[in-house]
Amino acid sequence: MNNNIKILPARPEDAKRFREIQKITWLQTYPNEELGITREDIDSKTNEMLTPERTEEIAEIIKNTDTSVSLVAKDGGEIVGFMGVDIPNRKIAAIFVLPEYQEQGIGRALLEKGLEQLGAGKISLNVVSYNQKAINFYKKLGFVENGPTSDDPVIFASGKVLPKIEMVKN
């Protein structure tokens, strides 16, 4: 991993950047011609996530360290990735790294820090079923596929649903 990258606790004021990174990575990863999921579907959904109200929801999650851990990957002063851990549910809630920073060990560093927070025992996460790059990443770190999940569905204005699978690590 680049020596300039630092993994740090997130701050509430980082919430808007979380959503911006999520939008960029979703647009890069989730359009799927076979399923009819378009860039317009992704753009519309991620624009909903960038509203001040939705951004404030993320800021509140970051503040509530009893139930969550949020981390950022910074290159100098710029946030280039983030992750969230749902402590009570022993779940990795999200990991997103800007496309130009992927495959540099940043996702691994974020995930390892998140796993430290959860300790031993079963840990789960959801991943888009056709995001083979992410599935392979999680498999390298000991996660196994556990089948489709309808947990926390992403439903686009078009009515299409982003298909997800659960992965677990014991």
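**View 1. Strands β4 and β5 of the predicted model run parallel and are joined by 2 bridges.** Strands pair here if DSSP finds at least two bridges between them, and helices (H or I, at least four residues) and strands (E, at least two) are DSSP runs numbered from the N terminus. The bridge partner of K91 in β5 is S124, and β4, α4 and β5 together make a right-handed β-α-β unit, right-handed meaning that, with the strands pointing away from the viewer, the path from the first strand over the helix to the second runs clockwise. Residues are numbered from 1 along each chain as its sequence is written. In this predicted model, local features need pLDDT of at least 70, side-chain atom pairs count only at pLDDT 80 or more, and totals for chains, interfaces and linings use all residues, while side-chain values use heavy atoms, without hydrogens and water.

**View 2. Strand β3 (residues 78-86) runs antiparallel to β4, with 6 bridges joining them.** V85 has I92 of β4 as its bridge partner, and in the turn of this hairpin, which has 4 residues between its strands, R90 has a positive phi of about 50°.

**View 3. Helix α5 (residues 132-140) has A134, I135 and Y138 as its buried residues (under 20% relative accessible area; exposed is over 50%, partly exposed in between; 1.4 Å probe, protein chains only).** These buried residues fall within an arc of 100° seen down the axis of α5, taken from the directions from the helix axis to the C-beta atoms, so they line one face of the helix. Just after α5, G142 takes a positive phi of about 95°.
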